[in-house]
Amino acid sequence: MDSQIYGVPNLLFFTLFAFLAITASAFPENPSSNVAPQINSNSVLVALLDSHYTELSELVEKALLLQTLEEAVSKHNITIFAPQNEALERDLDPEFKRFLLEPGNLKSLQNLLLFHIIPARIESRHWPVELNKKSVLHASLCRDAIGEKIQLNGKNGEKIVGMAKVVKSDDIVRPDGIIHGIERLLVPKSVQQDFNARRNLRETSAILPEGAPEVDPRTHRLKKPAPPVPVGSSPVLPIFDALAPGPSLAPAPAPGPGGPHHHFDGESQVKDFIQTLLHYGGYNEMADILVHLTSLASEMGRLVSEGYVLTVLAPNDEAMAKLTTDQLSEPGAPEQIMYYHLIPEYQTEESMYNAVRRFGKVKYDTLRLPHKVAAEEADGSVKFGQGEGSAYLFDPDIYTDGRISVQGIDGVLFPPDESKLPPKASPVAKIASKPRRGKLLEMACTLLGSVGQDSRFSSCY
């Protein structure tokens, strides 16, 4: 009895302890840690977007950096070195600007812009004095700029940031940050290396194709070697033969430029444009079909590695949502739909629009033989297809790298039916008439009746 009486308080103590432990685990210590940072109207980011640094603000939006900068402002003050509009419009190298604005170089653009931002508040009074002859180094928000810092110093009474002069210090001052105007762009070494690598890749010539000798099936002798192919020429095989090679008595033909040396990295380029589709938004269904539902992504990468070029007509998500289950349920239906949206040429918005303006109506080959997709001018744009199954060029030049071009359209294209046979006439049901009894007798009576009227016979009886 005593042991049971003394055991009750212990049981209540352990029950209360377990309840408190469960309650503590159910409620986090810092409930506001998962809440997105709130930016007020007096923030330095809002001031940047509304300021006269319009070129810089547009680049920030194109680089998808607003969320990253909001998180940085919520943690600490920031200092932005904003290049003037003239530095980004006229003074910047056109080839370098084209490199930054290509969708495939989004990471380089982000690193370039983050290199202009320091996670600390640096006002003009904090600038190093020229008499000290000591420069101050600050780390930027660019994570890829390993070991590279922004140097601040003074010279001849002017404030210097890296290699650029400060033309307007303390231009915009806010509680969470400050903006200084500078005369030129600050380019980190990582971005400069990416640009040089891309430029050298374009200037490098394609490797000559090397293939096995061919045997003449009639004479069983080696054929004479073909004349040498000029450097950088198109592949030896048509793209349709490279896509689906048929049986052959001779050994494998010569590969295209790149061949076994893999001069063109097609897999990386295909991954690059699929990632660009996902970042661009509105083309997730197209990317999902290329990667998961079919093997077209790897097949396109192989073709590009062998030197071929492709133009992808990408339907947006609204157009893909209109596809019915019957259109996708048949075996090989997704592949056939996508093949009709792949053009074995490199076309941009400008080239296609100029073609339809000049020739009126243009037909492009597709990888779905023997069907072609028709294009014509309509409402100041390019329209593909005919009738209700047509689609307009909706988002031009989503991705262009010289080998793959992606053009967004607002509809899914289907080839017109080739076999438009006349509808078969429905078989006419033959109605078997019932035999009428006494037909011959009736005809005889009618004949005799007509004769009997003249011979005064009124009937045949």
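Predicted model: local features only at pLDDT ≥ 70, side-chain atom pairs only at ≥ 80, totals over all residues.

Which residue of β11 does V312 stand opposite? Residues are numbered from 1 along each chain as its sequence is written, and side-chain values use heavy atoms, with hydrogens and water left out.

The residue opposite V312 is L342 in β11. Strand β10, residues 310–315, runs antiparallel to β11 and is joined to it by two bridges, and at least two bridges found by DSSP are what we require before calling two strands paired. Strands here are DSSP runs of E with at least two residues, and helices are runs of H or I with at least four, both numbered from the N terminus.

These two strands belong to an open sheet of seven, with mixed pairing, in the order β11-β10-β16-β15-β14-β13-β12. Because β11 (342–343) and β12 (361–365) stand at the edges with a single partner strand each, one side of each is left without a neighbour in the sheet.

Across β15 (391–400) and β16 (404–409) lies helix α10, residues 266–280, which runs at about 125 degrees to β15; the axes are lines fitted to C-alpha atoms, for helices over the stretch in contact (heavy atoms within 4.5 Å), and angles run from 0 to 180 degrees between N-to-C directions.

In the protein as a whole, there are 17 helices and 16 strands.
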